[in-house]
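Me: I am new to this structure. Could you show me how to read its features, step by step?

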Amino acid sequence: FIQPHPYAILSALPAGSRYCRFGTYIIQLQNKSEDEILNNFKKNYITEIKQTGNRGAACKFGIEVMEDFYACYHSTMAKAGKSVDDIGYFKSLHQHFGEKNITIGVVYENDNPIGSLFGIHTRYAALYTHAGTMGETKLSGRMKFLVWECMKKLKSNGVKKFDFVGVRINSNDESLQG
């Protein structure tokens, strides 16, 4: 658990701002079996991942799920009142870096997209840079399941680490969640 480099420019706290401590998790994928990686997760995460898979969630990866990724991402950002990168931004990243260095993933329930992620990677590390959810679902572990399936895919392609890029540390402030 380490503080990411961009945190240095974010350490100022303007008057009236809402904030929490910030860091990142980096999961080592290399030299560990899938079971060893999964068993380091919190027990409730493991349960949610398994239940989501057992309840019929399906993940797809690749440029063909770009539109579904973007719909989930856009929905999340709009709900949060945050700025939204244009789909052209993601398409240009994919075009520039290619399938070898970009992972686009979507988790589906009954063929409906309910969660998505976008990541940039090399063999050294994968950076989990964008995500989103949409739609009603009983699959509370949809994003955990998608991230787990993505980790397995990246590991099988020789990627050594998975970096969540940013997480809130010990924040109970609901306005800073999501």
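Me: What share of the contacts in the chain with a separation of 6 or more comes from residues 24 or more positions apart?

Reply: Start with the term: contact means heavy atoms within 4.5 Å. Here, residues 24 or more positions apart account for 65% of those contacts.

Me: What should I know about the model before going on?

Reply: This is a predicted model, where local features need pLDDT of at least 70, side-chain atom pairs count only at pLDDT 80 or more, and totals for chains, interfaces and linings use all residues. Residues are numbered from 1 along each chain as its sequence is written, and side-chain values use heavy atoms, with hydrogens and water left out.

Me: How many helices and strands does the chain have?

Reply: First, the rule. Helices (H or I, at least four residues) and strands (E, at least two) are DSSP runs, numbered from the N terminus. This chain has five helices and eight strands. Along the sequence they follow the pattern β-β-α-α-β-α-α-β-β-β-α-β-β.

Me: In what order do the strands of the open sheet lie?

Reply: Two strands pair if DSSP finds at least two bridges between them. Six strands form the open sheet, in the order β2-β7-β6-β5-β4-β3, with mixed pairing. β2 (26-28) and β3 are the edge strands, each pairing on one side only. Neighbouring strands are turned by 25° against each other on average, direction ignored. For angles like this, axes are lines fitted to C-alpha atoms, for helices over the stretch in contact, and angles run from 0 to 180 degrees between N-to-C directions.

Me: Which helices pack on the sheet?

Reply: Helix α3 (residues 66-80) does, touching β4, β5 and β6 (126-133). Its direction makes about 70° with that of β6. Helix α4 (residues 87-97) also packs there, touching β4, β5 and β6. The direction of α4 makes about 130° with that of β4.

Me: Is strand β4 buried or exposed?

Reply: Buried means under 20% relative accessible area, exposed over 50%, and partly exposed in between (1.4 Å probe, protein chains only). Of the 178 residues of the chain, 39% count as buried. In β4 (residues 102-109), eight of the eight residues are buried, so the strand is largely enclosed by the rest of the structure. I102, I104, V106 and Y108 point one way. T103, G105, V107 and E109 point the other way.

Me: Which strands pair with β4?

Reply: β3 (residues 58-61) pairs with β4 in the antiparallel sense, over four bridges. A58 stands opposite Y108, and K60 stands opposite V106. β5 (residues 112-121) also runs antiparallel to β4, joined by eight bridges. There, E109 stands opposite N112.

Me: Which residues have the most contacts inside the largest nonpolar core?

Reply: In soluble globular proteins, nonpolar side chains tend to be buried together. A nonpolar core is a set of buried Ala, Val, Leu, Ile, Met, Phe, Trp, Tyr and Cys residues joined through side-chain atoms within 4.5 Å. The largest one here has 25 residues, and those with the most contacts inside it are L29, F41, W148, M151, L154 and F162. α5 (142-156) gives the most to this core, with eight residues. M151 touches I27, L29, F41, F162 and F164, not counting residues up to four places away in sequence. Apart from this core lies another, of 14 residues, among them V65, Y70, Y73 and Y108.

Me: At what angle do α2 and α5 pack?

Reply: Two packed helices are described by the angle between their axes and the distance between the axes. For α2 and α5 the angle is about 90°, and the axes lie 8 Å apart. The two helices are therefore roughly perpendicular. By the cut-offs, angles under 35 degrees count as roughly parallel, over 145 as roughly antiparallel, 65 to 115 as roughly perpendicular and the rest as oblique. Y45, E48, I49, T52 and G53 of α2 meet R142, K144, F145 and W148 of α5.
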